[in-house]
Protein chains: 2
Amino acid sequence: MTTSTAAPPRVLVVEDEESLLFTLAHSLKREGYTVVTASRGDDGLRLAREQKPDLILLDVMLPGIDGIQVCRMLRRDSDVPIIMLTALGGESDRVAGLDTGADDYIAKPFGMRELMARVRALLRRSGARAQPEAEPPVVISGDLQVDRDRREVVRGGEVLRMKPKEFELLLFFLQHPGRVFSREQILNEVWGHDFDGGHRTVDVHIRWLRQKVEDDPSNPVRIRTIRGSGYLFEG
Amino acid sequence: MTTSTAAPPRVLVVEDEESLLFTLAHSLKREGYTVVTASRGDDGLRLAREQKPDLILLDVMLPGIDGIQVCRMLRRDSDVPIIMLTALGGESDRVAGLDTGADDYIAKPFGMRELMARVRALLRRSGARAQPEAEPPVVISGDLQVDRDRREVVRGGEVLRMKPKEFELLLFFLQHPGRVFSREQILNEVWGHDFDGGHRTVDVHIRWLRQKVEDDPSNPVRIRTIRGSGYLFEG
DNA sequence: TTTCGAGTTAACAGCGAATAAACGTTGCTT
DNA sequence: AAGCAACGTTTATTCGCTGTTAACTCGAAA
């Protein structure tokens, strides 16, 4: 019943914080989606009805009408997939969000990668055709197998137990081999747009990753350090 | 949604320090952009609205209205890409800058080359057409291959281990073959506009480069010395 | 020959990264 | 509700690398 086209899926983003809106729009476009934006709840509601998007990203806190209201009103006559963006990851928010009929929620701050994964998943579930990028569920590089569906990493037959952030970080590297990324870029992609901690956090996670992924963690071959620039994953 | 033209992208530079403003404008023009300048925050704001530039370089410290304010005011009705030029590379500055809705920031002192790279990246992201120069990821000259993504130099099948400055310097030469550059010019481009060290620093780096790049470092063929003028890279 | 610019080498200070460990938070178990 | 385990982040320390400068040598131009 949702719109289904041969063209790329349309995503409506309703978010008042300018910089986040920009980042979201940009990331979505890069993935191949068509993006429509609004920074007020009432505008969002109007656009949702005019444009019939295939998916909606909806901030909870909004000027005009808040996200919860918008969601409720939309649900009266549509079952378009909705992902709520909530400020505080509190249990109550989550419940409140899902109660209104949202299909998923994600707490700020969130990594772009995770959000994109959820968007993709939700669109697939909702049966939207023409996935802009049918990312394979398993990414392989050398003797490494990363299964995004099972959230599991297999190396030489044995399953590596990965922490969530480690997994995300490794997946990010696997998907962008042979290119240097600065700590800032990595923080933006893996941690989230508004993570404001120190960039040394990356170092530590790199280290942990190396201990699981490298033959000799002290002499890394896969995840190389490019002094003064960042890190590079050797495809 | 942003302004997009067939003509070269317009860049607005707002900077109060005369010499830096001059350098910036000059470098941008050489890259093929159309440049508009202002040395006060209020003038910058006015010009931004009149001229609708495709990108803005905005100093944080400004007479009139400071850069943060200008950025905030612009963001109310525009999503033109903005790069902030910050004096102190402190983490807090970064956050403050990005919070106002800036798309990128760069800490002084910075090399012109890096700035140009960011300008290019941001314009590409924002979807501005008519890229003045779509820089290829790999630059080749003779048996030299410089890979900017991997930050790696390959010569005759073997990978050369390069220090950061060496890499930048070599890349600079590769991109400007057959032309003499004075030490001052090289310092400006590769080191940064307000590097205040001695110019002999260049000599030493040239020497190190030659040892890695020349067949006979004592009789350089690729990086030639033009006595009294500077150095020249033989394309 | 004299002078000035460039080559060469080594010393040193400062920075960036690796590492280990502590801390605070969260979520789960009992 | 309390205790516990796991995880993410921060901090401190160590270590090695890199950039810069200075001193000396060499060679070319005047």
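## Phosphate contacts of DNA strand D

The surface near DNA strand D receives two or more residues from each of helix H6 (164–175) and helix H8 (200–213) of chain A, and from helix H6 (164–175) and helix H8 (200–213) of chain B; helices (H or I, at least four residues) are DSSP runs numbered from the N terminus.

This is a predicted model, in which local features need pLDDT of at least 70 and side-chain atom pairs count only at pLDDT 80 or more, whereas totals for chains, interfaces and linings use all residues. Residues are numbered from 1 along each chain as its sequence is written, chains are lettered from A and ligands numbered from 1 in the order in which they are written, and side-chain values use heavy atoms, with hydrogens and water left out.

Of the atoms of DNA strand D that come within 4 Å of the protein, 72% belong to sugar and phosphate. By class, the surface near DNA strand D is made up of ten nonpolar, eight polar and eight charged residues, with Ala, Val, Leu, Ile, Met, Phe, Trp, Tyr, Cys and Pro counted as nonpolar, Asp, Glu, Lys and Arg as charged, and the others, Gly among them, as polar.

## The interface of chains A and B

In the protein interface, 17 residues of chain B are in contact (heavy atoms within 4.5 Å) with 19 residues of chain A. The two chains bury about 1600 Å² between them, with 47% of it on carbon and sulfur atoms; buried area is the accessible area (1.4 Å probe) that two parts lose on being put together, summed over both.

Two salt bridges are found across this interface, a salt bridge being a side-chain nitrogen of Lys or Arg within 4 Å of a carboxyl oxygen of Asp or Glu. B:Glu152 forms a salt bridge with A:Arg224, in which the closest N and O atoms are 2.9 Å apart. Helix H4 (residues 91–99) of chain B gives the most to the side of chain B that touches chain A, namely four residues, and that side as a whole divides into five nonpolar, one polar and eleven charged residues.

## The two domains of chain A

Chain A is divided into domain 1 (10–126) and domain 2 (138–233), with bounds that come from an automatic or database domain assignment. Their centres, taken over C-alpha atoms, are separated by 29 Å, and eight residues of domain 1 are in contact with 13 residues of domain 2. The area buried between these domains is about 910 Å², of which carbon and sulfur atoms give 44%; A:Pro109, A:Met112 and A:Arg113 supply 54% of the area that domain 1 buries against domain 2, more than any other three residues.

The side chains of A:Arg113 and A:Glu168 meet in a salt bridge (3.7 Å, N to O).

Methods. A residue is near a molecule or strand if one of its heavy atoms lies within 4 Å of it.
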